[in-house]
Amino acid sequence: LSVQGDAAQASEMSEAEDVVRIMTIHAAKGLEFPVVFIPDVGKMINLQDCAGDILADREALLGMSVVDEHKQVKYPSLARRLVADRLRQQSLAEEMRVLYVASTRAREHLILVGSAKEDADETWARRWSGHAGPLPMQTVLDAKTMLDWIGPAAVLSNGGIEIHHHTEPQLIEWRTAAQKKVRPTGIAQDDPLAQLRPFDNVPPESPVARTVIDRLTTHYAHRSFCTLRASESVTSWTKTQSIVDDRPPATTLFGIEEPGDFQVPLLFESLLPQPGFLAKERVISAADKGTAVHLVLQHIDFSRPCTRQDLSEQIAQLKQRNLVSEAQANAADLDTIGWLIKSNAGQLLRQNAKTLRREQAFNYALPPEVFGASKSNDPLDRVMIRGRIDAMVPADGGWIVIDYKTDNVSGKAIDKRTDYYKGQMSLYRDALEKIILAPVTGIYLVFLTPRQVVEL
């Protein structure tokens with residue numbers, strides 16, 4: 001009889017009935033039976049509470065492993081050994097209490113069943129024959145199974161506890177007819193089925209099997225939509241456009257003439273930053289610098305003189321108003337901002353300081369084929385693009401877009417990076433003209449690090 005999980009509540013029966021009751025040891029407390037079987041006494045005792053790098057006990061308190069970062073090794077501390085030993089003693093004491101409760105349920109016969117090594121009974125006899133008194137404390141604490149206590153105790157009982165050793169052939173003889181069915185241990189080398197050779201007489205195809213095979217091998221017609229996100233940022237979209245090789249030509253999307261459908265991915269520096277606890281001093285990352293420059297330019301008042309002294313005072317005021325942090329204020333390069341003010345893009349910002357729009361957020365729906373999916377005629381089958389434009393300047397009945405870039409590039413790399421951002425700028429143009437119903441008359445890419453303005 002095999003019992004798995006929680007069995008239903010047993011019906012009320014008298015002890016006189018000819019039945020076998022299967023119950024847990026805890027449920028058997030206070031009850032007695034003529035014959036009691038206790039299985040699995042050779043099963044390993046669960047000592048998981050004694051494992052782990054952090055151990056806790058009410059009396060021994062906290063024990064943790066020691067980590068040597070220099071040698072890259074870990075070893076248990078004295079405190080952890082003390083806590084582990086105490087937890088082990090508690091676990092063994094609980095197992096011994098459970099064994100005592102189970103053993104004292106029998107009135108006439110107690111049968112303990114467990115597995116051990118073939119020569120376990122001989123080892124117990126050799127070790128404990130002639131021993132007087134109780135088992136040594138260390139032997140009790142070194143036990144890994146209940147059988148490690150029961151075996152020596154049987155030897156010391158001088159026949160009070162009988163040990164019956166059963167070999168594997170005997171156990172096989174006890175199996176039921178269903179259990180005795182011998183499974184093949186190997187496959188003949190000349191078996192055509194084992195060699196995966198086709199049958200001489202091919203059986204007729206089963207319609208049911210063909211239906212199942214078709215279901216398992218047929219590709220979902222709209223699987224390209226399964227990987228699409230409902231919303232995507234402009235930055236993610238821009239990177240996607242440089243690695244998708246099966247999308248339509250860019251000329252069919254936003255009027256950009258690109259040589260071919262495939263673009264080589266543009267690689268950016270992606271080294272992991274050094275952990276803070278290893279750095280001798282706090283070094284701000286390139287991404288943090290870019291965020292700081294964008295944040296400062298978002299709040300700079302372009303209608304003021306914008307000299308170096310004035311810019312320094314403005315940044316100090318931003319810091320005082322908690323619009324920028326100390327680190328962000330220090331990361332803002334005054335010379336670079338001063339160069340921007342003197343550039344043609346900076347002059348537009350100054351001339352339209354009262355009417356320009358900064359950090360203009362927008363949402364724009366794009367068809368799924370832009371992201372490499374199949375074309376859909378459903379107007380609701382769209383992916384929402386989220387973007388934020390650094391600055392918009394009104395001009396000639398339309399708008400001029402100014403976008404700051406903090407890429408650390410120079411020379412010919414600027415041209416490649418400009419080509420990379422053309423798709424993003426065209427998306428800005430297309431989105432704005434559709435949303436505000438006004439033309440975008442110019443786009444300025446401002447590369448702050450090399451101090452170069454590219455007009456698109």
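A salt bridge is a side-chain nitrogen of Lys or Arg within 4 Å of a carboxyl oxygen of Asp or Glu. The structure holds 14 of these salt bridges. This is a predicted model, in which local features need pLDDT of at least 70 and side-chain atom pairs count only at pLDDT 80 or more, while totals for chains, interfaces and linings use all residues. Residues are numbered from 1 along each chain as its sequence is written, and side-chain values use heavy atoms, with hydrogens and water left out.

**The chain as a whole**

- The protein chain has 14 helices and eleven strands; helices (H or I, at least four residues) and strands (E, at least two) are DSSP runs, numbered from the N terminus.
- Of the 456 residues in the protein chain, 29% are buried. Buried means under 20% relative accessible area, exposed means over 50%, and partly exposed lies in between (1.4 Å probe, protein chains only).
- The accessible surface of the protein chain comes to about 31,700 Å², and carbon and sulfur atoms account for 53% of that surface. Accessible areas come from the Shrake-Rupley method with a 1.4 Å probe; for residues, only the protein chains shown count as cover.
- Among contacts in the protein chain with a separation of 6 or more, 66% are between residues 24 or more positions apart. Contact means heavy atoms within 4.5 Å.

**Strand β8 and its partners**

- Strand β8 covers residues 383-395 and pairs with strand β6 (residues 231-233) in the parallel sense, over three bridges. Two strands pair if DSSP finds at least two bridges between them.
- Strand β7 (residues 357-366) runs antiparallel to β8, and nine bridges join them.
- Methionine 384 in β8 stands opposite serine 231, and also opposite alanine 365.
- Strand β9 (residues 398-405) is antiparallel to β8 and is joined to β8 by five bridges. Here alanine 395 stands opposite glycine 398 in β9.
- The hairpin of β8 and β9 has two residues between the strands. In this hairpin, aspartate 396 takes a positive phi near 55 degrees.

**Lysine 405**

- Lysine 405 lies in strand β9 and counts as buried because its relative accessibility is 8%.
- The side chain of lysine 405 meets the side chain of aspartate 403 in a salt bridge (2.8 Å, N to O). Aspartate 403 is also buried, with a relative accessible area of 3%.
- Elsewhere, salt bridges that share partners join Glu205, Arg210 and Asp214 into one network.
- A polar contact links the side chains of lysine 405 and glutamine 424 (3.4 Å). Such a contact is a pair of N or O atoms within 3.5 Å; within protein, one must be able to donate a hydrogen and the other to accept it, and residues adjacent in sequence count only if both atoms are side-chain atoms.
- Leaving aside neighbours within four places in sequence, lysine 405 is in contact with residues including Tyr421, Met425, Leu445 and Phe447.

**Other salt bridges**

- Side chains of opposite charge can pair when their charged atoms come close.
- Glutamate 232 and arginine 229 meet through their side chains in a salt bridge (3.5 Å, N to O). Glutamate 232 is buried, at 11% relative accessible area, whereas arginine 229 is exposed, at 56%.
- A salt bridge (3.3 Å, N to O) also joins the side chains of glutamate 326 and lysine 319. Glutamate 326 is partly exposed, with a relative accessible area of 46%, and lysine 319 is partly exposed at 30%.

**Valine 234**

- Valine 234 is in helix α7 (residues 234-241) and is buried, with a relative accessible area of 3%.
- Not counting residues up to four places away in sequence, valine 234 touches Phe362, Ile385, Arg386, Gly387, Gln424, Leu427 and Tyr428.
- Valine 234 and methionine 425 are 191 residues apart along the chain, and their C-alpha atoms are separated by 10.0 Å.

**A nonpolar surface patch**

- Val35, Phe37, Ile111 and Val113 form a nonpolar patch on the surface, with about 340 Å² of accessible area together. Patches are made of residues with over 30% relative accessible area and no salt bridge; like charges are joined within 9 Å, and nonpolar side chains (Val, Leu, Ile, Met, Phe, Trp, Tyr) within 5 Å.
- Isoleucine 111 is found in strand β5 (residues 106-112). Isoleucine 111 is partly exposed, with a relative accessible area of 33%.
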